[in-house]
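Reader: I want to learn how to read helix packing and a ligand site. Where do we begin?

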Amino acid sequence: MSLVTAENLQKDYPLGDTVVHAVRGVSFTIEPASFASFVGPSGSGKTTLLNMIGCLDRPTGGRLTLMGTDVATLNQRTAAAFRGEHIGFVFQDFNLIPVLTAYENIEYPLLMVQRWPADKRSARVRSLLEAVGMADQADKRPDQLSGGQKQRVAVARALVTNPKLVLADEPTANLDHETAYRIIGLMKQLRTEFKTTFIFSTHDPKIMAEAEVTYFMEDGRFLEGNETRRGGAHA
Ligand code: ADP
Ligand code: MG
């Protein structure tokens, strides 16, 4: 079964007397453990598409199925529960909680979203700190970390609940090139290790080359014949 299936997916936003067609009917499937990207200029619909896949926003047309669940059957409460169980998020500006340490930021979803018992939490947080190479920075707060280190913590936080899917909206936009490569490389490695599907968006052609499956977007549509698949066991 595909992890994500979209058929003629659409999103309109009302804007005064008019309507913005942010996503104008896109169709695609994403398989488990893949490393996929949506690529396009600013305003092409990447965030809107990721927000629909993340159950943060509802489609206005077409059909979107996540792990066999048609998102149209979810209401606000069940969508939140679905997100908490199955989906992790990584953002452009890291979105860490400033007063919490790296350790506490990673622990947060286990406390607030999945309510894990205390004895299991610490082992899980430690293993994620290891996985992203931040074990020695566990007690630092975000303002004591570099951009790349912050994004490592954010990637660990996204993975801590062991979601099937991680969505990363322009995760490298605020990082220099070398750090950006390292973060994408880390996500790719974690995909293999945890069998998590990653979908990221970018407008950076160099970063895009790291994806195994790429969908090019323009004005809310996929470009013709645009799907690119690259080699590797998971492509
Ligand atoms: P990208 O992430 O590729 O920059 P977005 O998905 O943010 O693109 O936006 C796609 C289009 O939808 C843009 O024209 C944007 O202005 C519009 N848009 C996005 N969100 C809203 C909203 N909440 N209300 C109205 N228009 C929106
Ligand atoms: Mg965007």
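Author: Two packed helices are described by the angle between their axes and the distance between the axes. This model is predicted. Here the axes of H5 (residues 147-159) and H6 (residues 177-194) come within 10 Å. They cross at roughly 20°.

Reader: How are H5 and H6 oriented to each other?

Author: Angles under 35 degrees count as roughly parallel, so H5 and H6 are roughly parallel to each other. Their crossing is right-handed.

Reader: Which residues make the contact?

Author: H5 contributes Gly148, Gln151, Arg152, Val155 and Leu159. From H6 come Thr179, Arg182, Ile183, Leu186, Met187, Leu190 and Phe194. By class, seven are nonpolar, three polar and two charged.

Reader: Now H4 and H6. At what angle do their axes cross?

Author: Roughly 130°, with the axes of H4 (residues 118-131) and H6 coming within 11 Å. H4 and H6 are therefore oblique to each other. Arg124, Leu128 and Ala131 of H4 meet Leu186, Gln189, Leu190 and Phe194 of H6. That contact has five nonpolar residues, one polar and one charged.

Reader: On to the ligand. Which residues surround ligand 1?

Author: Start with the list of neighbours, then look at polar atom pairs. Tyr13, Val20, Ala22 and Pro41 are among the residues around ligand 1.

Reader: What distances separate Ser44, Thr47 and Thr48 from oxygen atoms of ligand 1?

Author: For Ser44, a backbone N or O atom lies 3.2 Å from a ligand 1 oxygen. Thr47 has a side-chain N or O atom 2.8 Å from an oxygen atom of ligand 1. For Thr48, a polar side-chain atom lies 2.5 Å from an oxygen atom of ligand 1.

Technical notes
Residues are numbered from 1 along each chain as its sequence is written. Chains are lettered from A and ligands numbered from 1 in the order in which they are written. This is a predicted model: local features need pLDDT of at least 70, side-chain atom pairs count only at pLDDT 80 or more; totals for chains, interfaces and linings use all residues. Side-chain values use heavy atoms; hydrogens and water are left out. Axes are lines fitted to C-alpha atoms, for helices over the stretch in contact, and angles run from 0 to 180 degrees between N-to-C directions. Helices (H or I, at least four residues) and strands (E, at least two) are DSSP runs, numbered from the N terminus. Angles under 35 degrees count as roughly parallel, over 145 as roughly antiparallel, 65 to 115 as roughly perpendicular and the rest as oblique. A crossing is left-handed if the near helix is turned anticlockwise from the far one by less than a right angle, and right-handed if clockwise. Contact means heavy atoms within 4.5 Å. Ala, Val, Leu, Ile, Met, Phe, Trp, Tyr, Cys and Pro count as nonpolar, Asp, Glu, Lys and Arg as charged, and the others, Gly among them, as polar. A residue is near a molecule or strand if one of its heavy atoms lies within 4 Å of it. A polar contact is a pair of N or O atoms within 3.5 Å; within protein, one must be able to donate a hydrogen and the other to accept it, and residues adjacent in sequence count only if both atoms are side-chain atoms.
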